[in-house]
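Please open the model in a viewer and keep the selection panel at hand. The stops below are given in the order in which they may be selected.

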Amino acid sequence: MGGSAPRRDHHLPVETTSFVDRRQEQAQGRELLARARLVTLTGPGGVGKTRLAARIAARVERAFPDGVRFVHLAGLHDPALVPLAVADALSLHDHSARPPLRALVEHVRDQRLLLVVDNCEHLLPACAELATALLHGTTGVRVLATSRHRLGLTEEHLLDVRPLPVPDPDGDLSAADGYPALALFADRAAAVVPGFELTAANRAAVARLCQRLDGLPLAIELAAVRMRVLGVEQLLERLDDRYRLLTSGSPGVLPRHQTLRAAVDWSHELCTERERLVWARLSVPAGGFDLETAEAVCADGEHVRSYDVLEAVAGLVDKSVLCREPGPDGVRYRLLDTLRHYGLSRLRALDGEELATRRRHRDWMQERAAACERAWFGPRQREIVARLRADQDNLRGALEFSCAGVEARAGVDVGAGGDRSAGGDRGAGVGVGGGVETGEVGCSEGAPAAATAPATAATVVAATAPTPAAADRLAGLRLAGTLWFYWHACGAPREGRYWLDRALEANPEPTRERARGLWVAGLLAGCPEDLTRGRRRAEDARALAHRLGDTAEAAHADYVIGVIRLFADDLPAALTHFETSVARGRVPGQHLSLVGLDQVELACALGFLGEADRAVEVCEQALRLCEAHGEQWVRSYVLRMLALAHTVKRDWPRAERHVREALRLKLAVNDVLGIALTLDLAALIATEGGAHERAAVLLGGADHVWTAVDRDRWGSRTLCTTRRDSEQRVLSAIGRAAFTPAYDRGAGLGLPEIVGYALQEPGLTTTPPVQDAPPVHLTRREAQVAELVAQGLANQQIADRLVIARRTAEGHVERILTKLGFNNRSQIATWVTAQR
């Protein structure tokens with residue numbers, strides 16, 4: 001039940017292990033959703049709420065024409081991020097100055113969709129506010145939440161998710177196969193002992209074991225893993241010993257907490273010392289992580305080296321502590337929320353470990369972000385977007401650690417359970433670490449955050465090294481600024497502004513990082529009210545960059561100043577500005593994307609001012625720059641400018657060809673703003689070409705996409721006039737009666753569908769075509785290990801047979817799983833059989 005692998009997109013989670021049917025709860029959940037708009041699945045940690053919610057949502061998906069979206073909250077702790085996470089799940093890329101929750105409600109006001117909000121317990125006030133706004137501000141949106149505690153709203157209907165029923169071990173077990181608890185144990189045991197099944201000889205022992213585990217799915221799964229080395233009777237005997245120890249030691253703990261602690265503690269004790277340390281350190285990454293991240297976070301050069309991490313990860317996967325899940329560039333790993341909280345409690349018990357681990361995690365996220373920024377102007381943009389989206393919770397955790405300052409050093413669980421909001425529901429009971437239990441195993445709350453002294457201004461060149469706290473704050477600003485291309489190109493301006501505002505406030509000193517943060521904040525301004533503030537910030541950035549002698553950051557700030565002039569309809573000033581920038585050429589250190597965008601905006605100003613031939617000439621220069629580096633995102637804007645120039649020249653076929661090329665590239669990186677701008681142009685071209693019904697569909701689609709950005713097009717007179725003129729001409733040509741259904745048709749299309757319509761390619765999706773996978777080549781040793789796995793041998797038995805260390809055997813098994821893209825040993829056995 002705990003083995004699902006939520007992807008970092010926002011559709012329903014992929015199930016990587018079989019789901020043991022909860023028919024009654026699924027039926028109850030569907031019935032509740034049919035008559036209530038807010039349903040909360042409640043129950044203890046490890047009971048299977050997330051899997052059940054995903055199953056219920058999948059069963060009712062067809063009833064929601066605007067879809068089902070899954071919002072993961074386990075990796076968040078800041079209440080302010082809740083509406084932003086939901087907006088991200090709904091592909092809302094709002095640039096306006098409206099409060100995030102109001103913008104969210106307005107976006108879905110007329111939609112019929114199901115929002116699944118997972119793990120609400122540590123953000124109850126924010127989740128209750130979200131649900132209230134959606135219930136009162138919309139009519140067709142329903143919310144399915146999972147939480148260890150109710151949200152506390154009068155409209156809320158509760159479904160108590162109970163542990164799996166277990167038959168009486170001493171009763172009639174002839175129908176025991178129909179009990180989900182036993183079926184779950186048998187399924188997970190068969191994954192580690194191929195061929196295991198329930199029989200008359202073992203049913204009573206399995207039933208007694210599941211009864212001892214209170215029917216908790218996670219506890220059952222953890223126990224089943226031990227079948228590699230123990231029989232059912234031995235397993236039951238060892239677990240009884242563990243249970244008696246816990247009961248005598250903590251009589252005040254709730255029985256189900258004792259049970260789960262027994263299972264988790266036992267799994268922890270069966271790990272090697274290095275695996276325990278890696279488990280604790282891997283509780284810092286949020287959401288999921290790849291092997292590179294695990295190595296960066298866990299390796300300290302003393303107790304754990306990089307090459308030790310793979311073996312430890314392999315061992316933790318083998319023990320079902322870590323889940324494997326597919327990622328954009330290979331296998332990723334994830335700790336279930338219960339096991340992550342347990343790991344955090346262990347980490348905090350080790351002197352200085354949490355702070356050091358969080359710094360390694362933050363520094364690695366900075367290194368990854370910087371590598372992505374360096375590679376952004378190149379052929380790997382789709383891969384970069386996918387990687388950063390997969391690491392979104394990790395980026396948030398790293399930013400929160402840095403921005404929170406003293407809070408992080410006071411033991412608050414930054415990014416994973418600490419709560420900056422007042423009134424968080426904490427539950428009661430003694431945790432493993434002796435702190436306050438939240439219903440999860442060993443999640444202890446640290447001491448209250450100390451007060452921070454106000455930052456003092458520094459000289460341009462600091463005379464002394466910054467304190468650790470100041471260095472952490474500055475690192476947060478550096479990371480937020482490094483991600484400028486992600487916030488801007490990939491539709492996350494609100495979240496970018498949120499982190500930059502916090503980081504800039506915490507770092508008033510005149511540094512290069514502050515100069516960058518200021519112009520990036522200006523770049524993300526996206527509404528008439530914010531453009532003035534954005535320009536002021538960009539001008540401050542330019543002045544500071546000149547003071548620091550940093551010509552690259554000054555040039556970056558210059559771009560922002562010019563583009564704000566362009567959106568403010570100051571076309572002559574924008575033209576002069578970008579003519580100067582392009583004539584100056586690239587300065588040392590200037591990012592090539594912004595060099596190319598200088599040329600794009602120059603062409604834009606020329607096109608709007610009617611100088612089409614000059615615009616084409618500038619675009620051809622920019623295309624040569626993009627093509628030399630295999631770049632696609634800036635190239636898509638160049639193609640849009642070429643389309644604009646050819647509309648001025650009234651060369652409609654060529655303009656339409658460039659629009660289609662631009663849309664195709666923009667869809668590849670999900671550039672919603674660019675798609676909205678280009679659809680406006682496509683509608684104009686269709687209007688001019690006399691395809692009036694097609695133009696009406698495109699206008700409806702463009703307006704629908706703009707609602708996810710800014711329905712008023714930032715108040716730009718140029719943009720709004722173009723759109724209004726197209727509509728008036730189409731209405732004059734075909735009349736309101738024909739215009740309205742065509743417009744409504746376009747407004748009802750999703751992003752891939754409206755782009756597909758504009759490309760005249762119905763059914764277009766953003767998923768790249770599946771290619772034949774290359775053959776998998778195992779090394780000679782890996783082939784030997786795979787053969788022994790197929791024979792049902794456990795890791796220790798494999799190690800004995802091949803005369804190698806157990807950890808080495810575990811490493812071989814993990815590499816085989818990674819190469820083959822599998823999740824468990826039984827899949828290896830099946831593959832080996834097929835190869836024979």
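**Cysteines, cores and salt bridges**

Begin with Cys-372, which counts as buried because its relative accessibility, 5%, is under the 20% cut-off. The model in view is a predicted one. Select Cys-210 next: this residue is also buried, at a relative accessible area of 0%. A search for disulfides across the whole structure returns 0.

Next, display the largest nonpolar core, which comprises 155 residues; Leu-73, Trp-487, Trp-519, Leu-679 and Leu-698 have the most contacts inside it. Helix 30 (residues 672-688) supplies the largest share of this core, with 12 residues. Centre on Leu-679: beyond its neighbours within four places in sequence, its contacts include Leu-663, Leu-698, Val-705 and Ile-754. A second, separate core has 77 residues, among them Leu-32 and Trp-279.

Proceed to the salt bridges, of which the structure holds 59. Select Lys-319 and Glu-810, whose side chains form a salt bridge at 3.6 Å, N to O. Lys-319 sits in the loop between helix 13 and strand 9, and Glu-810 in helix 36, 491 residues apart. Both Lys-319 and Glu-810 are buried.

Finally, select Arg-512 and Asp-550, a salt bridge with its closest N and O atoms 2.8 Å apart. Arg-512 is in helix 22 and Asp-550 in the loop between helix 23 and helix 24, so the pair ties together parts 38 residues apart in sequence. Arg-512 is partly exposed at 42% relative accessibility, whereas Asp-550 is buried at 14%.

Conventions:
Residues numbered from 1 in each chain as written. Predicted model: local features only at pLDDT ≥ 70, side-chain atom pairs only at ≥ 80, totals over all residues. Heavy atoms only, no water. Disulfide = S-S within 2.5 Å. Buried < 20%, exposed > 50% of the residue type's maximum accessible area, 1.4 Å probe, protein only. Core = buried A, V, L, I, M, F, W, Y, C linked by side-chain atoms within 4.5 Å. Helix = DSSP H or I, 4+ residues; strand = E, 2+ residues; numbered from the N terminus. Contact = heavy atoms within 4.5 Å. Salt bridge = Lys/Arg side-chain N within 4 Å of Asp/Glu carboxyl O.
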